[in-house]
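Good morning, colleagues. Please turn to the structure that will now be shown, and I shall take you through two parts of it.

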Amino acid sequence: MKNIKIAVDGHSSCGKSTMAKALARHFGFVYIDTGAMYRAVTLFAMRNNMVDADGNPNQAALEARIADVDISFGKDESGAMTTILNGENVEKEIRGMQVSANVSKIAALKFVRKEMVTLQRKMSKSCSVIMDGRDIGTVVFPDADLKIFVTARPEVRAQRRYDEMQAKGNTQVTFQEVLQNLTERDRIDSTRAESPLRQADDAVLLDNSDLTIEQQFQLAVSWIEKLIK
């Protein structure tokens, strides 16, 4: 069987990563979390004082050091996937609200996207992959064998994200803050000049507002099984 490329795009906190990880395990594909990659670049910029108090990146400073950003993926003791930034496991840190508040502006930078797309394509050359993000079906893999665009109503996505953060111990954040952050990220992602978030013309739409995780998973499985057959 030839190597297969599956692109999963969609809005913030719509369950793209959860679904993509489960599909990768089910079919034995390699999963690549592109959102984590942009979050890692954002963390690098924040740690190196390249983001001001209003969340605006120092583009010149970051561009000068973008080659110093080394991103890979690993697994922790429980087997869960982790994001490695310059040799350090930063999985927990990149999921916090500070990174969430800044990632869309960093991800909108042309030189950052170019660097990450090059790395993403390199990762996918030797195996079947499922990759999720904002521009996988439109920019990274315009020739993907299957493109899925995932969405859900903003209030539903915010509640899911809020519940996830509460479960991880981030109890200081309010639901309204999560909803506001998510809505702003949607706006930035969809209107940015460089690789905006949009549904590819040949992508199938998956609105999971009223679906369980299992129902969503089984629907996507049926699409991939048709592809493989």
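This is a predicted model: local features need pLDDT of at least 70, side-chain atom pairs count only at pLDDT 80 or more; totals for chains, interfaces and linings use all residues.

Which residue in strand 4 is the bridge partner of K75? That partner is M81.

Strand 3 covers residues 71-75 and strand 4 covers residues 81-85. The two strands pair in the antiparallel sense, and 5 bridges link them. Together they form a hairpin with 5 residues between the strands. Within this hairpin, G79 adopts a positive phi near 95°.

I turn now to D76, which lies in the loop between strand 3 and strand 4. Its side chain makes a polar contact, at 2.7 Å, with the side chain of S78. How exposed is D76? Its relative accessibility is 27%, so D76 counts as partly exposed, a class that lies between the limits of 20% and 50%. As for N89, this residue stands 13 positions from D76 in sequence, and the C-alpha atoms of the two are 8.8 Å apart in space.

Is S100 buried or exposed? S100 is buried, because its relative accessible area is 1% and the cut-off for buried is under 20%. Which residues does S100 touch, if those up to four places away in sequence are not counted? The answer is R39, R95, R161, N181 and R185.

Thank you for your attention.

Key: Residues are numbered from 1 along each chain as its sequence is written. Side-chain values use heavy atoms; hydrogens and water are left out. Helices (H or I, at least four residues) and strands (E, at least two) are DSSP runs, numbered from the N terminus. Buried means under 20% relative accessible area, exposed over 50%, partly exposed in between (1.4 Å probe, protein chains only). A polar contact is a pair of N or O atoms within 3.5 Å; within protein, one must be able to donate a hydrogen and the other to accept it, and residues adjacent in sequence count only if both atoms are side-chain atoms. Two strands pair if DSSP finds at least two bridges between them. Contact means heavy atoms within 4.5 Å.
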